[in-house]
There are 2 protein chains.
Amino acid sequence: MVRERLKLQTTPLDEARHIFFEALDQAGFFAVREEEIATRESLGRVTSRAVFAQRSVPHFRAAAMDGIAVRSVSTREASPSSPKRLKKDRDFSWVDTGDPIAEEFDAVIMIEQVCALDEETVEIQTPTAAGKHIRAIGEDFARGESVLSASSKIGSEAICALLSTGNLRVWVKKRLRCVFLPTGSELVAPENVLKSGELPETNSILFENYVSQWGGSAHIHAIVQDKSTELRAAFSRALDEFDLVCMGSGTSKGRDDRTASLVREFGNVLIHGIAYHPGHPVLLGVARNKPVIGIPGYPVAAWVCLMQIVKPLLRRYEGLHREIPRIVQGVLAEELRSIKGFREFVRVRLDSTAQETRVYPLPGGASRTSSIARADGWLEVPEEVDIIHAGESVSVNLIC
Amino acid sequence: MVRERLKLQTTPLDEARHIFFEALDQAGFFAVREEEIATRESLGRVTSRAVFAQRSVPHFRAAAMDGIAVRSVSTREASPSSPKRLKKDRDFSWVDTGDPIAEEFDAVIMIEQVCALDEETVEIQTPTAAGKHIRAIGEDFARGESVLSASSKIGSEAICALLSTGNLRVWVKKRLRCVFLPTGSELVAPENVLKSGELPETNSILFENYVSQWGGSAHIHAIVQDKSTELRAAFSRALDEFDLVCMGSGTSKGRDDRTASLVREFGNVLIHGIAYHPGHPVLLGVARNKPVIGIPGYPVAAWVCLMQIVKPLLRRYEGLHREIPRIVQGVLAEELRSIKGFREFVRVRLDSTAQETRVYPLPGGASRTSSIARADGWLEVPEEVDIIHAGESVSVNLIC
């Protein structure tokens with residue numbers, strides 16, 4: 001078999017993402033597809049429409065403190081030297097926090113400021129103002145008011161707000177159905193006793209965890225052998241059944257690389273090789289109007305591809321207004337060298353004291369699962385930088 | 001009914017936590033209880049023992065690049081002016097990344113540096129060194145090496161590392177079984193049409209979400225009416241069946257406050273009232289050697305109690321070596337006033353630009369679900385501070 005001198009592209013990461021996302025945008029991939037679901041099942045989903053309060057919260061005038069409900073006018077002359085006596089039912093009623101306030105009363109006096117003389121009589125020493133310690137109707141949410149805007153991520157707090165305002169169902173963006181096809185005759189389940197040359201297939205575990213966390217629904221295909229008919233059939237089925245098809249391994253230019261030719265058969269390869277380390281042999285394509293990502297096989301390479309390609313794609317589909325970056329500032333503990341022209345993702349471990357956070361780079365290379373298993377986050381070394389000195393301040397992206 | 005002038009404690013938060021945790025420590029609550037589970041089911045769990053590699057990764061000498069495996073000695077004289085020809089099988093064999101290296105070879109030359117002349121012959125222009133582009137046995141994990149230390153949180157990356165090293169099962173700390181008992185005759189399921197005086201019970205939603213997220217198993221009891229026999233029976237059963245009992249509402253000193261007397265019946269009230277806002281009427285106790293937390297009923301009060309009491313308790317039980325704080329630095333957009341002597345938890349919304357993160361305080365008060373539904377995080381205003389000016393730099397705790 002004759003080998004050619006083959007070379008992958010070195011497209012800058014930002015450009016690669018831009019080309020990929022533009023093509024997907026034109027294919028209509030980012031259009032909102034929505035469904036209505038039970039609010040109690042909506043944790044982590046993203047609203048597809050603004051949601052408005054169906055009822056006010058609170059829906060009645062309520063005591064904001066434990067104490068007595070009174071007419072403020074009847075307390076006007078109370079003072080420490082001349083306390084005012086109030087009669088139960090006629091002048092006041094006992095209320096606990098949350099109790100409805102009878103129509104004739106307009107203020108609540110805290111129990112701490114009430115002196116009970118007998119079962120029917122209390123004494124107060126200070127006047128109170130109308131409205132004091134009363135929650136007005138709609139203080140939290142007025143009926144018709146916006147509860148959540150469209151494209152909001154639904155947390156448990158938002159579920160409380162939705163249910164309180166009578167929104168028992170909510171319109172959300174459909175989850176992207178994402179499939180991972182591990183390919184390679186050398187791959188076996190990690191539960192197996194491994195023969196020489198066999199590799200435990202664990203990238204599907206990263207895929208399943210992160211895709212779910214980022215709002216997609218993750219499906220794992222059985223390991224596909226390197227026979228092109230089997231692979232071709234699985235790929236074609238995946239394009240029919242899922243929104244995003246990720247091919248594991250087979251993305252370098254070696255013997256078993258069938259992803260690129262497969263994608264070309266069903267669509268277009270847009271990018272094959274991105275200027276970053278580790279894991280540059282990424283493939284990005286569109287087939288039958290669906291995104292196809294060739295995820296390199298090494299664990300760290302797969303991990304970087306998930307963080308740098310799959311996550312932004314899922315986030316863009318969700319269309320969140322804004323995301324709060326999970327970034328920690330720290331001091332680099334050891335000198336770091338990087339290759340110019342490539343962006344480098346360096347896994348790091350943090351050691352935080354009250355004074356500072358020290359940032360320790362973990363061993364490099366695409367193949368070390370240990371470097372991601374022990375990492376708290378990663379540093380991004382830009383293309384034009386080839387050294388960061390110990391003691392320099394750096395921004396660490398936390399893993400999440 | 002005669003009312004007394006009642007007053008809750010104002011124990012500083014740090015002191016309250018200290019007293020509570022010390023008492024629990026003495027009751028043996030933080031002792032490790034462990035169980036062995038399938039590694040694939042261990043996401044988010046915490047190791048109770050150190051884990052060691054049962055096999056090396058890789059477990060064979062493997063090609064780190066696509067190319068040819070060679071004897072380095074046979075490449076010694078190669079140069080651009082006098083390329084070295086190598087014969088297949090005798091001098092080299094084709095290898096792909098991950099392939100095992102035959103015993104007679106000791107280096108791999110990348111395919112990009114190989115010129116194939118015909119099916120049997122290649123030419124190279126530079127020498128290579130022994131070991132080059134070969135992954136040594138155990139490069140990632142050597143057999144017997146530590147994979148995870150005890151008290152490590154297991155992420156998906158760690159699951160990959162555990163399975164790759166042949167650890168199909170793992171010893172983890174048992175989850176704390178935590179129960180939430182919503183109490184109060186005014187509480188109803190939020191799915192109901194609400195009558196005057198009825199409140200939708202939503203704190204259980206926060207409890208379930210956060211306790212699960214923090215490593216506990218969350219159980220929600222049906223709403224318990226304010227009849228002391230029913231409440232007493234439910235509380236006693238909860239103490240038998242769970243590790244942590246949280247009573248919702250009923251913690252202020254009002255009419256329906258039965259939590260304190262109930263706890264006294266079965267054990268001790270340690271703290272009743274913490275010097276923070278919102279939500280100071282927290283109750284901390286120990287009954288039958290188990291922690292009991294009286295969580296105040298207002299949604300924001302319950303939320304602060306979860307973050308400030310329940311989370312640290314679960315974290316302490318997990319005994320994680322270290323936790324990376326999720327903190328963002330920002331600039332306060334509006335002046336903020338706070339009561340001296342109380343720590344204040346102010347919910348905030350963030351607006352991040354490339355230049356800075358602006359921090360907007362949300363409406364205060366314990367009753368506004370809107371303030372937590374719209375929050376990105378919270379500011380902690382210390383006890384001794386009563387004002388923070390607009391433009392000051394502040395640390396925001398992200399919700400997670």
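A:Pro58 lies in a loop of chain A, between strand 2 (51-52) and strand 3 (62-63). The peptide bond between A:Val57 and A:Pro58 is cis, with an omega of about -10°. Most peptide bonds are trans. The model is a predicted one.

Most residues other than glycine have a negative phi. A:Asp89 has a positive one, near 70°. This residue belongs to the loop between strand 5 (84-87) and strand 6 (92-95) of chain A. Is A:Asp89 buried or exposed? A:Asp89 has a relative accessible area of 55%. Exposed means over 50%, so A:Asp89 counts as exposed.

B:Asn289 also has a positive phi, near 60°. Look for B:Asn289 in the loop between strand 20 and strand 21 (290-295) of chain B. Its relative accessibility is 51%, and B:Asn289 therefore counts as exposed.

Now turn to confidence. The average pLDDT of chain A is 92, and 96% of its residues score at least 70. Residues 1-5 of chain A are another matter: their pLDDT is below 50. In the model this stretch has 14 contacts beyond near neighbours in sequence. Where pLDDT is low, the predicted coordinates should not be read in detail. For the complex, the predictor gives an ipTM of 0.91 and a pTM of 0.91.

Sheets come next. Strands of a sheet pair through backbone hydrogen bonds, either parallel or antiparallel. In chain A, three strands form an open sheet in the order 5-9-8, and their pairing is antiparallel. Which strands form the edges? They are strand 5 and strand 8 (114-116) of chain A, each of which pairs on one side only. From one strand to the next, the twist averages 30°.

Look inside this sheet at strand 5 and strand 9 (residues 121-124) of chain A. They run antiparallel and are joined by four bridges. One residue pair can be picked out by name: A:Arg85 has A:Glu123, in strand 9 of chain A, as its bridge partner.

Chain B holds a sheet to set beside it. This open sheet has three strands in the order 6-4-7, with antiparallel pairing. Its edge strands are strand 6 (92-95) and strand 7 (107-110) of chain B, and each pairs on one side only. The twist averages 30° from one strand to the next. Strand 4 (residues 67-70) of chain B pairs with strand 7 of chain B over four bridges, in the antiparallel sense. Within that pairing, B:Ile68 stands opposite B:Ile109 of strand 7 in chain B.

Return to chain A for a helix. How many of the 11 residues of helix 3 (residues 203-213) of chain A are buried? Eight are, and the helix is mostly covered. Among the buried residues of helix 3 of chain A are A:Ile205, A:Leu206, A:Phe207, A:Tyr210 and A:Val211. A:Asn203, A:Ser204 and A:Asn209 are buried there too. Just after this helix, A:Gly215 takes a positive phi of about 100°.

Finally, see how the chains relate. Through which surface do the copies meet? Of the interface residues of chain A, 100% are also interface residues in chain B, so the copies meet through the same surface.

One residue shows the two chains touching. B:Ser370 is placed in helix 7 (residues 369-373) of chain B. With a relative accessible area of 6%, B:Ser370 is buried. Leaving aside residues up to four places away in sequence, B:Ser370 touches A:Asp140 and A:Phe141. The side chains of B:Ser370 and A:Asp140 are joined by a polar contact of 2.8 Å.

Methods. Residues numbered from 1 in each chain as written. Chains lettered and ligands numbered in written order. Predicted model: local features only at pLDDT ≥ 70, side-chain atom pairs only at ≥ 80, totals over all residues. Heavy atoms only, no water. Helix = DSSP H or I, 4+ residues; strand = E, 2+ residues; numbered from the N terminus. Buried < 20%, exposed > 50% of the residue type's maximum accessible area, 1.4 Å probe, protein only. pLDDT = per-residue confidence, 0-100. Contact = heavy atoms within 4.5 Å. Pairing = 2+ DSSP bridges. Axes fitted to C-alpha atoms, helices over the stretch in contact; angles between N-to-C directions. Polar contact = N/O pair within 3.5 Å; in protein donor to acceptor, adjacent residues only side chain to side chain.
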